[in-house]
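Student: I would like to learn how to read the features of a model such as this one. Please take me through it.

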Amino acid sequence: MRSEKYNILYVDDEKSNLNVFNATFRRDYNVFTANSAAEGIELLASSKIDIIITDQRMPKMTGAEFLKWSKVHYPETIRIILTGFSDTEAIITAINECDIYRYIAKPWDGDEMKLTLKKASEVQQLRQDNQKLIADLKEAKESLEQKVIARTTEVMEQKEEIEKKSKALEEQNYLLQEIDSEKNNIISMIVHDLQSPINRIKGLIELFTMENRTPFSENQILYLDLIRRNISDASRHIRNLLDTKVLEGNIDYQVPLKKTSLSKILPMMLDSYREQYMKKKVNLHYHHENNSEEIYVNGNEDYINRIFDNLISNALKFSPKDNNSNVFVKIKKNGTNINVIVQDEGQGLTGDDKKNLFKKFQKLSAVPTNGESSSGLGLSIVKTLTEKLGGNVWAEDNQAKGATFVVEFPQYTDA
Ligand SMILES: Nc1ncnc2c1ncn2[C@@H]1O[C@H](COP(=O)(O)OP(=O)(O)OP(=O)(O)O)[C@@H](O)[C@H]1O
Ligand SMILES: [Mg+2]
């Protein structure tokens, strides 16, 4: 309910009626009185009137005519007409054309008038509240629409910006791919061209040793040994780099698979490492559950050699020097699979290491213990080659000491 009083305009050509009305209601309402419709029109223009009460019988302009005019110009007012019971025609006109709220029979009764005005004020209040609500709602809707438009524009601008950046990125990516492929071609050429001179050096060292007539001095033997080791490191690097190129898919390479004896290849591979292990004082153990049984996989001798060449050289590379630690290589049957386990007592693998294991060019926390070379390629090749043979490779978890790698191959079957 609003706190200030409602404004009532009372129009009557009889002055005494105006006085009585004013005296009766001025305490509860702001009463405006007019002696004629013309005066009433003036007052409507100068004051914001809520309720109009008019006598029907007036000279010049009747009450019904005045209300009809008010309805057009001040539709939000509440209109009441005062008329005699017999004046039905005026009542019908007022109802039909002036949209009146009530008609009151003359002479009006104070209590009835009081009640009617109270109800009319409530209706007016409701109407005003309603209008305010509608206006608020309209404003909220408009502000929301504006926000939606602003946000949509912003999103569109962002979208455009993203599209621009993505296009620029695509172009950069394309450029990078071109540079990368050019770089790969150069590496391939260099690596390929290094292969022959290194192999020739290997051969020449053997010739030099064979044709030498006088015994070598202790130092010469040591130097020759170092040369051999470095040449063999270099040749493994070259093979790994070439493997990477092949395995990257630049060259389509399908390996022929055939019945291959793991139990023959592995001991031979270990034998080729024994001298290096002895020199670093690392003990190399081979264990095969059932020595008399040959273990076959559907594989490829060259691949298998390269897989274990990497794992066994790693085990030695990351084991402590001159410490009598152990490396175990075990063959185990596991259902229809064959597992080869390579276990060392070296620096082991951290949780972070395991996340990056088998990725290309990853040198992890363990570092070579005797100046060996490390390019971080071996394990990625191990993984690709193993998978090409239909197998799987992983590092065991919860290792108390050192690292354990397991390579699993499907067992060879005649079918
Ligand atoms: N047996 C192991 N014990 C501890 N860490 C290992 C072992 N094997 C590999 N790692 C860690 O994983 C990394 C990657 O091994 P990977 O064989 O791929 O490369 P590399 O031995 O460093 O170099 P490359 O084999 O190319 O000569 C190594 O640098 C080492 O940090
Ligand atoms: Mg390695």
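Tutor: Five strands make up an open sheet with parallel pairing, in the order S2-S1-S3-S4-S5. This is a predicted model, in which local features need pLDDT of at least 70, side-chain atom pairs count only at pLDDT 80 or more, and totals for chains, interfaces and linings use all residues. Residues are numbered from 1 along each chain as its sequence is written, while chains are lettered from A and ligands numbered from 1 in the order in which they are written.

Student: What counts as a strand, a helix or a pair of strands?

Tutor: Helices (H or I, at least four residues) and strands (E, at least two) are DSSP runs, numbered from the N terminus. Two strands pair if DSSP finds at least two bridges between them.

Student: Which strands stand at the edges?

Tutor: Strand S2 (30–34) and strand S5 (102–105) do; each has a single partner strand, so one side of each lacks a neighbour in the sheet. Inside the order, S1 (residues 7–11) and S3 (residues 51–55) run parallel and are joined by four bridges, with Ile-8 opposite Ile-51 in S3.

Student: Which strands does helix H5 touch?

Tutor: Helix H5 (residues 110–211) packs on the sheet against S1, S3, strand S4 (78–83) and S5. Contact here requires C-beta atoms, placed from the backbone, within 7 Å.

Student: How many residues of H5 are buried?

Tutor: A residue is buried if 20 or more other C-beta atoms lie within 10 Å of its own, exposed if 12 or fewer, and partly exposed in between. H5 is hardly covered, with four buried among its 102 residues: Thr-116, Leu-117, Ala-120 and Ser-121. Their cover includes S1, H1, S3, S4 and S5.

Student: What is the span of H5 from its first C-alpha to its last?

Tutor: The expected span of a helix is 1.5 Å times one less than its number of residues. H5 reaches 144 Å, close to the 152 Å expected.

Student: How do strands of a sheet pair, parallel or antiparallel?

Tutor: Strands pair through backbone hydrogen bonds, in either sense. Strand S9 (residues 325–334) pairs with strand S7 (residues 282–288) in the parallel sense over seven bridges, and Asn-283 stands opposite Asn-326 in S9. With strand S10 (residues 337–344), S9 runs antiparallel over eight bridges; there Lys-332 has Asn-339 as its bridge partner. Two residues lie between the strands of this S9 and S10 hairpin, where Gly-335 takes a positive phi near 65 degrees.

Methods
Contact = placed C-beta atoms within 7 Å. Axes fitted to C-alpha atoms, helices over the stretch in contact; angles between N-to-C directions.
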